[in-house]
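The following exercises are to be worked with the sequence and the model in view. Each task is followed by a solution in steps.

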Amino acid sequence: MASRQPHRVLYFVVAFVLLMFFGLIYAWSLFVDPLEAEFGWDRSATSVVFTLSIITFCIGMLAAGALEERTSPKVVMLITAACLGVGLAASAATESILFIYGTYGVLVGIGVGLGTDVVMSTTLKWFPDKQGLISGAMLMGFGGGTLVLSPLVTGLLEASGWRATFVVLGIAFAVLVGAAAFVLKLPSQ
């Protein structure tokens, strides 16, 4: 049992960091003003993006459970990396509200749902003795991600604009989640 301890802590740390990044789904509001200013969209139109992302986040969580049973956490994480990387980077090319509904609202939402579910379920299997504590701590990362990482996104927006920020986030998510796909694994039975 002692040899498993460092490994399970590593999985928790990786999960916590990933969930902080996934929590950035709540930072959509940082993009609202620049998009409304550039395209003249009203708040009701831009609010639909967040609504869609939360709906598809829930759908992604449901889909992750079924996908993980048929494949593996690695496969689901690679799908997550693709959804988030493509969804965020493609959002930089938006010229219409419908386009960003699809890229951020649907692709990013599904990606966050897939990733959140597989990270939580995989990591909890390493902690059968502390599932309540570990799930609470991981969700703290998810909730705190916006608090901790929003200043970074705000700085990127101010320095580079919304299009470059979406591209940088897309690349960062694809790399981070793609790398984590090769780290997170189920404990051996």
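**Exercise 1. Aromatic pairs**

How many aromatic pairs does a search of the whole structure find? Classify the pair Phe12 and Phe16, then the pair Phe21 and Phe173.

Solution. The model is a predicted one. Searching the whole structure gives 13 aromatic pairs.

Step 1. The ring centres of Phe12 and Phe16 are 5.9 Å apart and the planes stand at 40°, so this pair is tilted. The class follows because planes under 30 degrees apart count as stacked, over 60 as edge-to-face and the rest as tilted.

Step 2. Phe12 and Phe16 are four residues apart in helix α1, and about one helical turn separates them. An α-helix has 3.6 residues a turn, so residues three or four places apart point the same way. Phe16 is partly exposed, at a relative accessible area of 22%.

Step 3. For Phe21 and Phe173, the centres are 5.7 Å apart and the planes are at 80°, so the pair is edge-to-face. Phe21 belongs to helix α1 and Phe173 to helix α6, so the pair ties together parts that lie 152 residues apart in sequence.

Step 4. Phe173 has a relative accessible area of 5% and is buried, whereas Phe21, with 24%, is partly exposed.

Step 5. Ring pairs also link a cluster, whose members are Trp28, Phe31, Phe39, Trp41, Tyr104, Trp162 and Phe166.

**Exercise 2. The course of helix α6**

What distance does helix α6 span between its end C-alpha atoms, and what would a straight helix of 50 residues span? Where is the kink in α6 centred?

Solution. Step 1. At 1.5 Å a residue, a straight helix of 50 residues would span 74 Å.

Step 2. Helix α6, residues 131–180, spans only 21 Å between its end C-alpha atoms.

Step 3. Helix α6 has a kink of about 120°, and the kink is centred on Ser160.

**Exercise 3. Salt bridges**

How many salt bridges does the structure hold? Trace the partners of Arg43 and of Arg163.

Solution. Step 1. There are five salt bridges in the structure.

Step 2. In one of them, the side chain of Arg43 meets that of Asp33 at 3.1 Å, N to O. Arg43 lies in helix α3 (residues 43–70) and Asp33 in helix α2 (residues 29–39), so the pair ties together parts 10 residues apart in sequence. Arg43 is partly exposed, its relative accessible area being 47%. A network of salt bridges links Asp33, Glu36 and Arg43.

Step 3. Arg163 and Glu38 form a salt bridge at 3.1 Å, N to O. This pair links distant parts of the chain, with Arg163 in helix α6 and Glu38 in helix α2, 125 residues apart. Arg163 is partly exposed at 25% relative accessibility, and Glu38 is partly exposed at 43%.

Step 4. Arg163 also meets the side chain of Glu95 in a salt bridge, 3.0 Å from N to O. Here too the link joins distant parts of the chain, 68 residues apart: Glu95 lies in the loop between α4 (73–91) and α5 (97–125), and Arg163 in helix α6. Glu95 is exposed, with a relative accessible area of 55%.

**Exercise 4. A nonpolar patch**

Which residues make the nonpolar surface patch of about 210 Å²? Is Val13 buried, partly exposed or exposed?

Solution. Step 1. Val9, Val13 and Val17 make the patch of about 210 Å².

Step 2. Val13 is found in helix α1, residues 5–22. Its relative accessible area is 44%, so Val13 is partly exposed.

Definitions and conventions. Residues numbered from 1 in each chain as written. Predicted model: local features only at pLDDT ≥ 70, side-chain atom pairs only at ≥ 80, totals over all residues. Heavy atoms only, no water. Helix = DSSP H or I, 4+ residues; strand = E, 2+ residues; numbered from the N terminus. Expected span 1.5 Å × (residues − 1). Bend = angle between axes of the 7 residues up to and from the residue. Patch = residues over 30% accessible without salt bridge, like charges linked within 9 Å, V, L, I, M, F, W, Y side chains within 5 Å. Areas by Shrake-Rupley, 256 points an atom, 1.4 Å probe, with all protein chains shown as cover. Salt bridge = Lys/Arg side-chain N within 4 Å of Asp/Glu carboxyl O. Buried < 20%, exposed > 50% of the residue type's maximum accessible area, 1.4 Å probe, protein only. Phe/Tyr/Trp six-rings, centres within 6.5 Å; stacked < 30°, edge-to-face > 60°.
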